[in-house]
Amino acid sequence: MRRRHFLHLSGALLTSVLLAACASPQYLQLSPERSASVPQTGSGQQVTVIAADARESEVIGTRSGGSMSTAQITVSSHELIPQLQAEAERAVRDMGFTPTRDAAQGRPSITLELASLNYARGNSGQPLVGEARIEGVFRAIAQNKGTTYTGTYTSRRTQGYAIKPGEDANTRMLNDLLSDGLNRAFSDPELGRLLAR
């Protein structure tokens, strides 16, 4: 009798923990990195480099697919933008330019904007299998000698799961997504071409 009571309590406790884990908010610290090669167009000239967050909210979605605030996934601009700034500067340096954060009249510039980052629940169509759909959009705006070039780079990923992804799994997925976006952006030959004019 005592053993049955213990098993019942253990089962109830495990269920409570699992439900709490599913509904708990996640604050993700992302560190995406560009891995693709970039066009070599510069010859040491200075380029102003700025990374900015153009998202409407730091909340990118919820783990449940509903609007429960306890299941929200948040990516802080304060933590992500310095990482994007460093990656943008590294890309510009690899292109052959000298990155600077100071603006000057007549100096070419590039602004990397995180336009959107979304995490939604999809429909896998399979019983007992959930689906996370994530999407990130970067905008790169290059300006030089009165000419502006704007490129938009979208990355999407769909991930099936039997158990809702935890913080580590979601961090990996979103890092991969944004790394792909950085690769797309800085592989665009038009950016380097305009900056080198």
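# Exercises on a predicted model

The protein has 4 helices and 8 strands, where helices (H or I, at least four residues) and strands (E, at least two) are DSSP runs numbered from the N terminus. This is a predicted model, in which local features need pLDDT of at least 70 and side-chain atom pairs count only at pLDDT 80 or more, while totals for chains, interfaces and linings use all residues. Residues are numbered from 1 along each chain as its sequence is written, and side-chain values use heavy atoms, with hydrogens and water left out.

## Exercise 1: the overall picture

Describe the order of the elements of the protein, its pLDDT and its burial.

Step 1. Read from the N terminus, the elements run α-β-β-β-β-α-β-β-β-β-α-α.

Step 2. The average pLDDT (the predictor's confidence in each residue, from 0 to 100) is 88, and 84% of the residues score at least 70. Over residues 9–21, however, pLDDT stays under 50, and for that stretch the model has 1 contact beyond four places in sequence, a contact being heavy atoms within 4.5 Å.

Step 3. Of the 197 residues, 41% count as buried; buried means under 20% relative accessible area, exposed over 50%, and partly exposed in between, with a 1.4 Å probe and protein chains only. The accessible surface comes to about 10900 Å², and 51% of that belongs to carbon and sulfur atoms, by the Shrake-Rupley method with a 1.4 Å probe, where for residues only the protein chains shown count as cover.

Step 4. Among contacts between residues at least 6 apart in sequence, 75% join residues at least 24 apart.

## Exercise 2: the partners of strand β2

Determine in which sense β2 pairs with β5 and with β6, and name a residue pair for each.

Step 1. Strand β2 (residues 46–53) pairs with strand β5 (residues 98–100) in the parallel sense over 3 bridges, pairing being assigned if DSSP finds at least two bridges between two strands. Within this pairing, Thr-48 stands opposite Thr-100 in β5.

Step 2. Strand β6 (residues 109–121) also pairs with β2 in the parallel sense, here over 6 bridges, and Val-49 stands opposite Ile-110 in β6.

## Exercise 3: two serines and a tyrosine

Decide whether Ser-109, Ser-116 and Tyr-27 are buried or exposed, and list their contacts outside four places in sequence.

Step 1. Ser-109, which belongs to strand β6, has a relative accessible area of 13% and is therefore buried. Leaving aside neighbours within four places, Ser-109 is in contact with Val-47, Thr-48, Ile-141, Ala-142, Gln-143 and Leu-195.

Step 2. Ser-116 also lies in strand β6 and, with a relative accessible area of 19%, is buried. Beyond four places in sequence, Ser-116 is in contact with Arg-55, Glu-135, Gly-136 and Val-137.

Step 3. Tyr-27, in strand β1 (residues 26–28), is exposed because its relative accessible area is 56%. The C-alpha atoms of Tyr-27 and Val-75, which are 48 residues apart along the chain, are separated by 6.1 Å.

## Exercise 4: salt bridges

State how many salt bridges a search of the whole structure finds, and work through the pairs of Asp-94, Arg-157 and Arg-193.

Step 1. The search finds 10 salt bridges, each defined as a side-chain nitrogen of Lys or Arg within 4 Å of a carboxyl oxygen of Asp or Glu.

Step 2. The side chains of Asp-94 and Arg-34 form one of them, at 2.5 Å from N to O. This pair links distant parts of the chain, with Asp-94 in helix α2 (residues 77–94) and Arg-34 in the loop between β1 and β2, 60 residues apart. Asp-94 is partly exposed at 32% relative accessible area, whereas Arg-34 is buried at 8%.

Step 3. Arg-157 forms a salt bridge with Asp-176, and their closest N and O atoms are 3.3 Å apart. Distant parts of the chain are again linked, since Arg-157 is in strand β8 (residues 147–161) and Asp-176 in helix α3 (residues 167–186), 19 residues apart. Arg-157 counts as partly exposed at 28% relative accessibility, as does Asp-176 at 46%.

Step 4. Arg-193 and Glu-190 meet in a salt bridge of 2.5 Å, N to O. Because these residues are 3 apart in helix α4 (residues 189–195), Arg-193 and Glu-190 are separated by about one helical turn. Arg-193 is partly exposed, with a relative accessible area of 47%, and Glu-190 counts as partly exposed at 32%.
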